[in-house]
There are 4 protein chains.
Amino acid sequence: MNPATIKQLTELAIRFRDERDWRQFHNFKDMALSMSLEVAELCELMQWKNGEELSAHLVANRQRVGEELSDVLFWVLVIANDLNIDIDDAFRQKLEENAKKYPIDKSKGRSTKYTDL
Amino acid sequence: MNPATIKQLTELAIRFRDERDWRQFHNFKDMALSMSLEVAELCELMQWKNGEELSAHLVANRQRVGEELSDVLFWVLVIANDLNIDIDDAFRQKLEENAKKYPIDKSKGRSTKYTDL
Amino acid sequence: MNPATIKQLTELAIRFRDERDWRQFHNFKDMALSMSLEVAELCELMQWKNGEELSAHLVANRQRVGEELSDVLFWVLVIANDLNIDIDDAFRQKLEENAKKYPIDKSKGRSTKYTDL
Amino acid sequence: MNPATIKQLTELAIRFRDERDWRQFHNFKDMALSMSLEVAELCELMQWKNGEELSAHLVANRQRVGEELSDVLFWVLVIANDLNIDIDDAFRQKLEENAKKYPIDKSKGRSTKYTDL
């Protein structure tokens, strides 16, 4: 498949919803809750494993991780759509802001939060 | 700006990380935890508000919502990258699977979980 | 059964763990992650339901809700134990602090966050 | 202070709420969401730290950890109260169930999930 734009993936997600007439259920709180449940499913794959064991487990379960990440992405795209947020644009702006918060010379190789830099 | 592909946004995210030499901190558990913290920030915008009041509040705070969604998206892209998951492809496959789990004729206008359809 | 103290419930939780020799797995990050997964299971019971329908659903599933709340409580008690936190004492202190943050005359009948009071 | 029972801590929590006339805001979804936000605050204390560094950080911030755990506990008690769940009893029953799911001889020293034992 050709690489998709965010816009195209959003259209797929919205078409999926509209075909099922599900927008009526998609209030923002339940959508955000659903996103958090998908993140929990991702985290569950990591429970009680760490270091090399964790990495190996995730590599072995890449298919499953990809599904959970896709489910999270679904809600990112749908919530953005419903609020008329251009997530493509928002993402690039946010990275630029983060670049200001974390100037390379101050943050290189350090995990310190920007408020403590 | 032109519409970006998922691949291009991923490249921006990885470049941001590499410029700061942060890959060393990015074990999967902390990345998933970070994703869940960003979802929490999104949810915090919705706390104690519902219905019309919630929608109006989010519309009024679209900029902020877009930032939180972007932060979630950042971790989706970076985790996928680090596991060599083609998230673009994974997303389309997952939608197809969901389409099978939720056939239009059975699920139209119903919020029932597929296991109960 | 007689009403238990927090201390007694903590002892039950720790005995359960020690009998299985599980302390070795209980690093703080995985315990906090586990707590968040239990909260997710609680939230899952609430997905796509609201208002009267939600309340009725939870009443009908009180047993299940009680189990999820117990799982969350388990981690509260075990994390507190492992950090030598007197959660009983901490809880009462926190309520007193919250009482200062939210003076009755300013916060009565209002859901406003203390920073905006 | 004398060791408190779960019942006494619940009474303190409910009195705190009633004095502020806040029950009107306490629908179950927002309470569960609030619980998840408190867990996120706990997790935030653990972000990007692991092993000895994490433990030392939490010991140094025991006061803060105790506050977050207390906030989680608050919602456990209030949700249980509002559903007439005897959390004290539920907790002991859940431990007994877990003891059956994880028999000592099969689970000792193993982090395997009960479904895989």
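Modeller: The model is predicted, so local features need pLDDT of at least 70 and side-chain atom pairs count only at pLDDT 80 or more, while totals for chains, interfaces and linings use all residues. Residues are numbered from 1 along each chain as its sequence is written, chains are lettered from A and ligands numbered from 1 in the order in which they are written, and side-chain values use heavy atoms, without hydrogens and water.

Colleague: What makes a space here a cavity?

Modeller: On a 1 Å grid over the protein atoms alone, a cavity is a set of points where a 1.4 Å probe fits but cannot get out. Two cavities of 30 Å³ or more are present.

Colleague: Which residues line the largest cavity, and which are closest to its centre?

Modeller: Lining residues have an atom within 4 Å of a point. There are 22, and the closest to the centre are Ser36(A), Ser36(B), Ala40(B), Ser36(C) and Ser36(D). Helix α2 (28-44) of each of chains A, B, C and D supplies at least two lining residues; helices are DSSP runs (H or I, at least four residues), numbered from the N terminus.

Colleague: How many residues of that lining are nonpolar, polar or charged?

Modeller: The lining has 18 nonpolar, four polar and no charged residues. Ala, Val, Leu, Ile, Met, Phe, Trp, Tyr, Cys and Pro count as nonpolar, Asp, Glu, Lys and Arg as charged, and the others, Gly among them, as polar.

Colleague: What lines the second largest cavity?

Modeller: Its lining is Ser70(C), Asp71(C), Phe74(C), Phe91(D), Lys94(D), Leu95(D) and Asn98(D). α5(D) gives the most, with four residues.

Colleague: Why are chains D and B called related as by a two-fold axis?

Modeller: A rotation of 180° with 0.0 Å of shift along its axis superposes chain D on chain B, RMSD 0.0 Å, by least squares on C-alpha atoms of residues with pLDDT of at least 70 in both. The two copies are therefore related as by a two-fold rotation axis.

Colleague: Which residues of α5(D) are buried?

Modeller: Buried means under 20% relative accessible area, exposed over 50%, partly exposed in between (1.4 Å probe, protein chains only). The buried residues of α5(D) include Phe91(D), Lys94(D), Leu95(D) and Asn98(D).

Key
1 Å grid on protein atoms, 1.4 Å probe; cavity = no way out; pocket = protein on both sides within 12 Å on 5 of 7 lines; lining within 4 Å. Points joined across faces, edges and corners; volume = space filled by probe spheres on them.
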